[in-house]
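Student: Can you walk me through this one? I'd like to start with the side chains.

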Amino acid sequence: MDFPPQHWTWIRTNNTIERLNREIKRRTKAIGAFPDGQSALMTVEIKFAKKS
C-alpha cells in the first residue's frame, strides 16, 4: 500500500511511538508488580536513557 509523501513523517513517528509503548509494556510486564509508581517510572526512564 502506497501512502502520499506528506503522510510518511506521521507514519514513521507513529511507528516509533508504538514501538516504544510495546517496549515499555514488555518491560513492566516482565517485572510484574511495582511497590509504587515511582519505581515503575524509574524502570521506564532507565530504558529511555539506554536508547539515547
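Tutor: Arginine 26 and glutamate 23 are 3 residues apart in helix α1, so about one helical turn separates them. Helices are DSSP runs of H or I, at least four residues, and strands are runs of E, at least two, numbered from the N terminus. This is a predicted model: local features need pLDDT of at least 70, side-chain atom pairs count only at pLDDT 80 or more, and totals for chains, interfaces and linings use all residues. Residues are numbered from 1 along each chain as its sequence is written, and side-chain values use heavy atoms, with hydrogens and water left out.

Student: How do the side chains of arginine 26 and glutamate 23 meet?

Tutor: In a salt bridge, 2.8 Å from N to O. The rule is a side-chain nitrogen of Lys or Arg within 4 Å of a carboxyl oxygen of Asp or Glu. Glutamate 23 meets arginine 19 at 3.4 Å, N to O.

Student: Is glutamate 23 buried or exposed?

Tutor: Buried, at 6% relative accessible area. Buried is under 20%, exposed over 50%, partly exposed in between (1.4 Å probe, protein chains only). Arginine 19 is partly exposed at 44%, and arginine 26 is partly exposed at 48%.

Student: New topic. How many helices and strands does the protein have?

Tutor: 2 helices and 0 strands. The radius of gyration is 15 Å, well over the 10 Å of the globule rule for 52 residues, so the protein is more spread out than a compact globule. That radius is taken over C-alpha atoms, and the rule is 2.2 Å times the number of residues to the power 0.38.
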